[in-house]
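Welcome! Take a moment to look over the sequence and the model, and then let us walk through a few of the features together.

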Amino acid sequence: MAPVIGLTCDGDLENRRFFLNRAYVEAVSRAGGIPLILPPGPREAAERYLDIIDGLLLTGGGDIDPVFFGQEPREGLGRVLPERDEFELTLTRRALQLGTPILALCRGMQTLNVAAGGTLYQDIAREVPGSWQHSQRKPRCYPHHTVEILSDTLLATILGPKARVNSMHHQAIREPGEGLRVSALAGDGIIEAVEGTVGSFVLGVQWHPEELFTRCPEQRQIFQHFISAADISTSCRNPGYRGRM
Ligand code: MN
């Protein structure tokens, strides 16, 4: 049976709607997962979602309220949706405790990091002198800059020592949270990927692999590895499950 993958979504308070780019949903489906979109809700909802899902995909979106990593808002901070932050931080902390496989993309990687107690740059251009352009002004489906992948990491086994990636972020990880280590860097020193140091599959990348499949087909492997980890987690959570197929 295919693993169920919970995907967080973005929200728009003024127009009273939740939304998510199809590329995430299609990437999960193509890799063999069943996508399930998770709107923000109270703590009880986060707990129940984690009973249902076999893997958690933290998706992209706006900025994280700096109150969650101990900073005051600075010039350069963008759109913030506190309801989403609160829900996703609760969900992510619980998923880390339970060992639910996690794939965290762009803002999702920042969510993962803050949930683990790490900090962010609120705006790279203002806080990191000499930094590259990380908010690309070309279509999302084109790679924009190179990342160096550290050896002996999960990400290196998936992509090798180097990758070309798209870049739609203006925030980045400043200090990695507990239990996370850096697995890729841009040439300006910006952290482009992190992963869990122990236990189940936990991978965050600062780019959007789901948008790159045509021009960088190797990026599909990120989803394949995540869905495989969720699949193993399914069979562990439901002993005897394979036998019934
Ligand atoms: Mn970047």
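The manganese ion has five protein donors listed by atom: His134 (ND1), His145 (NE2), Ser167 (OG), His169 (NE2) and Glu192 (OE), at 2.2 to 2.4 Å. Donors here are N, O and S atoms within 2.8 Å of the metal (3.2 Å for Na, K and Ca), and water is not among the atoms, so sites may look incomplete. Along the sequence, the donor residues follow the spacing H-x10-H-x21-S-x1-H-x22-E. His134 sits in the loop between helix H5 (124-127) and strand S8 (145-149), while His145 belongs to strand S8, eleven residues apart. Both His134 and His145 are buried (under 20% relative accessible area; exposed is over 50% and partly exposed lies in between, with a 1.4 Å probe and protein chains only).

Please keep in mind that this is a predicted model, in which local features need pLDDT of at least 70 and side-chain atom pairs count only at pLDDT 80 or more, while totals for chains, interfaces and linings use all residues. Residues are numbered from 1 along each chain as its sequence is written, and side-chain values use heavy atoms, with hydrogens and water left out.

Next comes helix H1 (residues 22-30), whose buried residues are Ala23, Tyr24, Ala27 and Val28. They lie on the same side of H1 because they cover an arc of only 135° around the axis, taken from the directions from the helix axis to the C-beta atoms. Helices (H or I, at least four residues) and strands (E, at least two) are DSSP runs, numbered from the N terminus. On the face turned away from the buried side of H1 are the exposed residues Arg22 and Arg30. What do the buried residues of H1 pack against? Their partners are strands S1 (4-8), S4 (34-38), S5 (55-58) and S6 (102-105), and helix H7 (220-237), where contact means heavy atoms within 4.5 Å. After H1 comes Gly32, with a positive phi near 100°.

Finally, here are two pockets. On a 1 Å grid over the protein atoms alone, a pocket is an open set of points with protein on both sides within 12 Å along at least five of seven lines, and lining residues have an atom within 4 Å of a point. A volume is the space filled by probe spheres set on the points, which are joined across faces, edges and corners.

| Pocket | Volume |
|---|---|
| Largest pocket | about 320 Å³ |
| Second largest pocket | about 160 Å³ |

Among the residues closest to the centre of the largest pocket are Arg140 and His208. Helix H2 (43-52) and H7 each supply at least two lining residues of the second largest pocket.

Terms used: On a 1 Å grid over the protein atoms alone, a cavity is a set of points where a 1.4 Å probe fits but cannot get out, and a pocket is an open set with protein on both sides within 12 Å along at least five of seven lines; lining residues have an atom within 4 Å of a point.
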